[in-house]
Amino acid sequence: STIDDHNGVALTLMDDGRILCVFAGGHNADQYLYARISNEPYSVEDFNTQSIMISSGKTCYSQLLRYGDKIYLFYRVNNTHWAYRETKDGIVWSDEVILVTSPEQYYCKFTETTTDGLVRITMYTNPTGSDSAIRMGFFDLDEKLLYNSDGKTSVGEAMIPYTSFDVLIDKPANKTQRLFDVAVSDPDKPRILYTVFTNSKTADDSVYYLYEAGTSIRICNGGHPLCGSRAYDEDIDKYLLFLDKGLSRYKK
């Protein structure tokens with residue numbers, strides 16, 4: 001069988017300690033989303049409670065956030081749009097609402113902030129796309145409204161083009177970039193980890209940065225970007241060999 005290294009499972013704990021997990025049918029494989037709940041609190045032995053959601057398009061990249069008495073699910077639709085649903089029990093889910101739209105492959109990271117109910121949206125195209133500039137907006141879970149990067153200017157409720165949000169980190173000249181992670185922080189103090197690199201299989205110029213307080217802080221050089229076809233096959237082999245040697249001391 002083919003390994004699907006894109007279809008990550010989103011996890012959260014429910015109020016009674018049972019584990020809720022949500023995943024797609026595959027990486028852009030079909031229109032289904034599966035929610036399963038563990039039989040016992042804090043146990044991964046059995047997940048017999050299941051509900052199935054049908055999206056308007058092919059799904060992947062599930063993300064779960066809890067707020068108040070609800071759980072929110074964010075996910076990608078048809079490789080370009082981003083949607084959400086909500087639930088109280090993990091079984092009955094609301095209808096799909098498309099939040100952000102794009103004409104090409106797009107990514108969104110939904111992260112809590114220190115303001116209750118205000119979710120930061122950090123977004124950009126695939127690094128091989130036409131616009132890998134990193135943009136930022138917010139989604140207010142109480143008002144169900146999307147806001148621009150200032151957290152005050154509303155851009156609407158649904159189907160908002162990604163260009164409606166301000167650019168936080170410009171696309172580097174003659175290079176591209178990839179978003180790694182976003183910290184939970186004050187709404188006006190985003191902390192974003194990302195890398196800048198040349199989109200070439202032979203390039204070895206990737207650099208890691210932390211964006212904080214309006215400034216990108218250089219962390220270190222990254223060498224060859226370890227990301228799919230742009231990485232040297234021999235580099236991956238060496239990396240896997242290194243891991244195998246490091247783990248061998250723990251093997252019985």
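Tyr-32, Ile-52 and Ile-54 form a nonpolar patch on the surface. Their accessible area together is about 290 Å², by the Shrake-Rupley method with a 1.4 Å probe and only the protein chains shown as cover. A patch takes residues with over 30% relative accessible area and no salt bridge; like charges are joined within 9 Å, nonpolar side chains (Val, Leu, Ile, Met, Phe, Trp, Tyr) within 5 Å. Ile-52 sits in strand β4, residues 49-54. Its relative accessibility is 47%, so Ile-52 counts as partly exposed. Buried means under 20% relative accessible area, exposed over 50%, and partly exposed in between (1.4 Å probe, protein chains only). Strands (E, at least two residues) are DSSP runs, numbered from the N terminus.

This is a predicted model: local features need pLDDT of at least 70, side-chain atom pairs count only at pLDDT 80 or more, and totals for chains, interfaces and linings use all residues. Residues are numbered from 1 along each chain as its sequence is written, and side-chain values use heavy atoms, leaving out hydrogens and water.

The largest nonpolar core has 33 residues. A core is a set of buried Ala, Val, Leu, Ile, Met, Phe, Trp, Tyr and Cys residues joined through side-chain atoms within 4.5 Å. Phe-74 is among the residues with the most contacts inside this core, as are Leu-99 and Phe-110. Beyond four places in sequence, Phe-74 touches residues including Tyr-61, Ala-83, Phe-139 and Leu-141. Contact means heavy atoms within 4.5 Å. Another core, of 17 residues, lies apart from the largest one; Ala-10, Val-22, Ile-37 and Leu-64 are among its members.

The structure holds nine salt bridges. Each is a side-chain nitrogen of Lys or Arg within 4 Å of a carboxyl oxygen of Asp or Glu.

Asp-15 is exposed, at 68% relative accessible area. Arg-66 is partly exposed, at 31%. Glu-86 counts as buried at 14%, and Lys-70 as partly exposed at 23%. Arg-85 is buried, at 6%. Lys-70, Glu-86 and Lys-144 are linked in a network of salt bridges.

Last, a loop residue. Ser-132 lies between β10 (118-125) and β11 (134-140). Its relative accessibility is 0%, so Ser-132 counts as buried. The C-alpha atoms of Ser-132 and Leu-179 are 9.2 Å apart.

Key:
Helix = DSSP H or I, 4+ residues; strand = E, 2+ residues; numbered from the N terminus.
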